[in-house]
Every structure is written in C-alpha cells, then in structure tokens.
Amino acid sequence: MSRRLTELPLLRLLKPGLYVHDDEALNAEPTLELLSEPITPIDAFFIRNNGDVPEAGGRDWTLTIDGEVERPALWTLAGLREKFETVTVTAVLECAGNGRSQFSPATDGLPWRLGAVGCARWTGVRLRDVLEHAGLKESAVYTGHYAPDRLLADPSRPALSRGLPVAKALAPETLIAFAMNGEPLPRLHGGPLRIVAPGFPGSAWQKWLDRITLRPHEHDGEKMCGTNYRMPVRPVRPGEPLDTSEFAVITDMPVKSLITAPAPGFTVPVGGRLKVSGFAWSGAIPLAGARASCDGGANWCEVALEEGEGPFAWRRFSTTFEIGQAGPLVVLAQARDVQGNVQPLEVEWNPRGYCNNQVQRVSGAAVAA
Ligand SMILES: Nc1nc2c(c(=O)[nH]1)N[C@H]1C(S)=C(S)[C@@H](COP(=O)(O)O)O[C@H]1N2
Ligand SMILES: [Mo]
C-alpha cells in the first residue's frame, strides 16, 4: 500500500469536508463555505504535502541548529518550551499555488481551486530567540529547513527543504510552532514542530522541522531552485523558453480576498437582499480596504473590514445588496493595500501558476419572487 493510502483514512476521519486531490501525495482543500470563520477550524484547514507524511516522533523529537552559527545546538521539544518565551501569532497560511486551476494555459502543479488558504492561531517560540541563542555568524544570510518527509517517487530525496532570508528568520512574527488553534500541532500540519512565516507562502512554513542550518548564501535545498516556488522577474509568455536565472523566490504574498458566501449557483428573490461575506489579507503591506460588486464590476461599493487578530490575520467583510430585478448576478470583491497594489481582474500568467490573487467571480441569479 502506498504511503498516501495509509494517511487517507486518517484525513477522511479528521477532515471529512475536504476535497482530496488526485495526486500521489496527500493534498486536500475545503469548499469555501467551510472557511466562513475568522479562525479556520483545524478540520477545515487545507493540507499540502510534497511527499509522504512522516511518523510523528512525539517526545523524542529533536531540533538541530547548525551551519553558520557560533554554538550549534540540539533541542528537545521540552527544552525549547522551557528555555524560550511562548508566543501566539494569528496568521494566514496560503499555498503559493492556491487558485492555480484558474490559469490558462494550465501549468504544472496541483490544480488547487481557491481553498488552499486558512487563518489560524499559531503558538510556539520565536525563531529569532533560538537563532540568537546559537549566535549567528556574520556569514549567515539564509536559513535552510529540513524535515524527514521524502518524495514518493524517490524516497532517497527529501520532499521539501526550504528556507528564509535571515531578516525574515529574525522577524518577531516568525515562529517555531508547536500548537495550532490551542491544540498540539496535528501531525498532518507538521507536528510536533513547524516553521510559521506569516505573510510568506506556505512553502516557507516547513512542517516536521528537525534541523535548521544557517547558510552563507540563499538556501538551495529541495524545491528551492529552478522554477520551484519562484516567479519570473519579468513577464513570461506561455511557451517562451525559460531562463531560470530570471526567477526569484516568492517572499511576501500579494494582497487578496476570498468570498465565502454566497456559493456559486446561488439564487436570490427579486426584492430581497443578497448577503456577501468573506475575508481580505495581505502578506507584508497592510491592507487599505476592499470593495464589492454584484453586477460583475459595473458598480462597486466600499466594504468595511473588521479588525483582524493582528497584522497577519485575515479581516472579515460583510455587506448586503438590494436586488431590484431578475437576471444573472456576478459577485466580486477586490482588496487593496496601502502601497496602492490592487487585486487584478485578471492575473498575469506565470509558468508554475503561483500567486493567483485575481478577483474571484461568484455567479448566481436574481429570480422572480
Ligand atoms: N516538510 C514539509 N513541509 C511543508 C511541505 C512539505 O511538503 N513538506 N509543504 C509546504 C507547503 S507547499 C505548504 S502550502 C504548507 C501547507 O501546510 P499545511 O499542510 O499545514 O496546510 O506546508 C509547507 N511545509
Ligand atoms: Mo504550497
């Protein structure tokens, strides 16, 4: 039996509402109705794996810190918790490939719909505190993260080994997390230890973390190079030959919003009200606001964003439209950040289908009452 099959019953049990992608590795996402809460419940949170799901080492788990440091260290889970302050950060975790299925022509990679995103409370110790304890050498410019999961096609190779620029590794929001929404970090989400890098793509949130090596150059582990989790620095047309030296690692995620209600195919009686709700978020640049439309973008109205739980959480919006006449309705939401970046109506294509933040369209109809 493949490793994926052994995990599938567990996923079905723990997360019955998720759509499981047809892939060797275990990858699953919720329908958008399941994302209606400001804090995404664990049973609705998407799962992304590049390889197998390793056994959880539990108590025996250790974390090695080595490379460009003055004092290499080996931590147990209990040791980390005892030595360093515990902090909680509420943050959106989004796969860089979320929404990939909307790119045309289709690109390589998992055809995520729009559900590879969620917002949770992550608890752990600051990566900064652990790195300062080890003492970074001046030569340290990047972290390299390691985990025991392996590629299903080639178990001699790690599934994923990503890293962070030192500035993000030392940022106060970046954690080595051991809890999610107040529960011990579930094994499917990387328990017992994972990186939490708020605002960065999910790929930077290494699960089952057992080693951090400080690197004297950008990390070159599995899925760091080539076009993996990288965007072209200038637009690339489909079919154009690729020069991978013109690709850069994805860091801060772009401004985005998600409509969680109504669902596609909705109907509303003429003379009634259509309630539209969802969330807006942005990687590093604060949100400035959002607007919504129910007529495909012909008319817009500004929507209020509720306070989120801190700068890395998503912010809810909710508005109603009075429906005056029968006919098709297309609901849109468009968020923008304080630097003037606005969600595009149509996102620019890129070879691996990353960072799709284009305005979502939810179609329905107003029907005679
Ligand atoms: N060890 C390991 N960590 C990993 C991955 C992986 O395949 N292996 N996938 C990454 C990617 S691409 C994403 S989007 C997030 C998904 O986190 P989740 O499964 O907890 O939702 O984990 C990241 N961390
Ligand atoms: Mo991802």
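1. Buried area here is the accessible area (1.4 Å probe) that two parts lose on being put together, summed over both. For domain 1 and domain 2 of this predicted model, that comes to about 3000 Å², with carbon and sulfur atoms giving 61%.

2. Some housekeeping: local features need pLDDT of at least 70, side-chain atom pairs count only at pLDDT 80 or more, and totals for chains, interfaces and linings use all residues. Residues are numbered from 1 along each chain as written, chains are lettered from A and ligands numbered from 1 in written order, and side-chain values use heavy atoms, without hydrogens and water.

3. The domains, with bounds from an automatic or database assignment, run 3–249 (domain 1) and 256–367 (domain 2). Contact (heavy atoms within 4.5 Å) involves 43 residues from domain 1 and 25 residues from domain 2. Between their C-alpha centres there are 27 Å.

4. Now the charges: the interface has 2 salt bridges (a side-chain nitrogen of Lys or Arg within 4 Å of a carboxyl oxygen of Asp or Glu). Elsewhere in the list of pairs, E309 and R121 form a salt bridge at 2.6 Å, N to O.

5. A backbone N or O atom of N50 sits 2.7 Å from a ligand 1 oxygen, while an N or O atom in the R194 side chain is 2.8 Å from an oxygen of ligand 1. For W205, a backbone N or O atom lies 3.1 Å from a ligand 1 nitrogen.

Notes. Polar contact = N/O pair within 3.5 Å; in protein donor to acceptor, adjacent residues only side chain to side chain.
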